[in-house]
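These notebook entries record what I looked up in one structure. I begin with its aromatic rings and then turn to its helices.

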Amino acid sequence: TMITANPLESAPPAPVRGRLIVEVGKEVGKVVELRDGQLVIGRNREADLMLLDIQVSRRHAELVVDTNGVLLRDLGSGNGTQVNGEDVQETRLVHGDRVQVGDHVLRFEEEGTIAKTLAPVTRTRKGGVPAPASGVPAAPVPGIVAARRARRRGGDPKKKKLVIAAAAVVAVLLVAVVAKVALGPAKPAKPAGPPPAVVAKKLFDEGMVHFRAGEYADALAQFEAAVAADSLNDDYKRYLEAAKREVAATEALESGRKLLAAGDYKAARQQFARVDAQSLRYEEAQKAVEEANVAEATASVNEAKRILGELPEAETLKTTSEVEGALTRLEPAEAALHHALEVVPDFQLAKDGLDQATELRDGYQQRIDDLRRFAQMSAKERARMRQRELAAAIRRELRKGQQPFDAGDFHGAKQAFEAIAQSSQYKQARSSAKKALAALKKFVPAYKRGMQLAKARDFSNAAAQLQVAARAAKQISPGGAKYNEVVKTLTNMLFMQGRVAFNANNYVGAYKAWSKAAAFDPNHKPVADGLADLEKKAETLYLEGYTQKSLNPQGAIQKWKLVLAMTPPGSDVHNKAQRQLAKMGQ
């Protein structure tokens with residue numbers, strides 16, 4: 001592409017002072033003729049030389065062309081202007097200069113460079129005599145006639161030199177033309193890039209973006225390039241080492257988690273331990289170690305539970321050899337549980353499993369002792385022992401329904417009791433299961449309603465519902481967790497009911513509530529204190545009746561009857577009031 005003056009203009013165009021040839025960039029091949037005046041280079045459409053390059057400013061640089069040559073001036077561009085790889089603000093171009101503007105490289109060629117080289121030079125003769133005008137011979141100068149004659153004989157040596165020089169130039173040009181044809185078009189020179197420090201800073205900044213985003217592998221690549229560009233910058237080196245740590249930590253964590261998922265806990269912990277203490281992911285690695293420990297301990301506990309679940313109850317074993325075989329099978333379970341506690345000290349699941357294993361071992365040892373004694377027993381003693389074993393077997397059967405009941409799983413308890421009632425080999429177990437099912441049917445609605453009323457602080461009605469639930473729970477699982485829960489809540493409700501009655505001087509109502517509470521929980525201290533307060537009040541009432549028995553015998557009788565109703569039979573004040581009433585014929 002050639003940019004020239006408009007051929008329609010009437011004024012003759014200004015002489016061409018030089019050319020700019022685009023060697024590198026999207027506009028490669030474009031040629032700009034430089035004439036007197038100003039020429040703006042930029043990305044703006046109004047620029048004289050428009051370059052479609054985002055690295056080029058809208059008004060990037062300008063060229064001032066005059067008889068003195070071509071002056072290049074940067075117009076405050078964002079990325080600067082370089083000439084032959086060096087940043088410039090203002091400079092005069094010479095033939096062959098390469099100007100870099102953004103990603104474009106432009107070569108400057110001065111007009112008539114070759115013509116100036118070949119043009120003859122006008123010289124002044126010695127003595128100041130000017131050269132003769134064209135076609136007019138000059139007057140001979142004294143002293144040089146001999147020289148003229150010599151030139152006629154052997155030729156002018158100066159002219160010979162000029163001819164030889166011209167021939168040399170022509171030869172050089174011919175060689176250049178031949179070389180260009182042979183080698184093809186010349187490749188554009190590679191533009192000089194920005195300074196290494198600038199490149200390194202850009203790479204480092206890009207690496208920091210990746211580093212902050214946790215993209216450590218990408219950050220590592222950028223930091224390595226930054227250090228390669230500027231090996232003297234300590235910050236770049238520090239972050240390079242940090243990125244290496246994070247890449248290694250990431251690889252160790254990923255590898256460890258794969259091993260953990262595969263159940264190779266030891267190898268997983270070794271991978272997690274590779275994470276450097278200075279790594280940003282060190283705490284994550286420590287937590288991963290804890291996860292691996294818990295996973296290994298849990299796996300050991302699960303294996304132990306599997307073994308324990310397959311072991312028979314001690315009472316079902318008939319010979320000592322069977323018991324000894326069960327003890328041998330118990331050992332791996334105990335070893336697994338001890339290992340779990342070594343990996344995670346105070347691991348509650350392992351402790352619970354070890355308690356179960358210990359209980360089972362004790363039962364086996366006791367069974368061996370029982371079998372040895374059984375061999376020496378009389379028939380009557382053997383019968384009693386079998387009866388005890390039968391009772392223990394029935395209890396074990398019923399526990400299958402009692403356990404879900406105590407855990408609050410009433411539906412599970414119902415299913416278990418139904419299974420026992422239908423298929424247990426023990427008649428007594430089947431009968432007890434049927435009774436438990438009937439009690440469960442009463443328990444569930446009374447329990448739910450009673451707990452609702454207790455939350456609403458309706459003490460009297462809550463106590464009534466919970467009494468029904470407590471009696472049913474005692475039949476289902478006497479002394480179990482659910483029974484104890486109901487009794488505790490019931491006792492509190494009865495105590496509050498009695499306190500309300502006592503404050504209202506309803507001593508009989510207070511005595512009834514507190515005596516019921518004491519029957520369910522004799523160790524309930526507030527109830528015991530309430531009954532003690534009632535006894536003191538009864539003493540006061542007894543003395544009041546005794547004082548007025550002569551003047552108001554009917555009032556005394558009423559007070560003594562109240563004493564009988566608010567105190568337990570057999571108490572001292574109860575007996576005294578009973579004797580006074582007997583004397584009064586009551």
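How many aromatic pairs does a search of the whole structure find? I noted 17 aromatic pairs; rings of Phe, Tyr and Trp (its six-membered ring) pair if their centres lie within 6.5 Å, with planes under 30 degrees apart counted as stacked, over 60 as edge-to-face and the rest as tilted. I looked up Phe 211 and Tyr 239: their ring centres are 5.9 Å apart and their planes stand at 90 degrees, so this pair is edge-to-face. Phe 211 belongs to helix α4 and Tyr 239 to helix α6, so the pair ties together parts 28 residues apart in sequence.

The model is predicted: local features need pLDDT of at least 70 and side-chain atom pairs count only at pLDDT 80 or more, while totals for chains, interfaces and linings use all residues. Residues are numbered from 1 along each chain as its sequence is written, and side-chain values use heavy atoms, leaving out hydrogens and water.

I then checked accessibility, where buried means under 20% relative accessible area, exposed over 50% and partly exposed in between (1.4 Å probe, protein chains only). Phe 211 is buried at 11%, whereas Tyr 239 is partly exposed at 30%.

Notes. Helix = DSSP H or I, 4+ residues; strand = E, 2+ residues; numbered from the N terminus.
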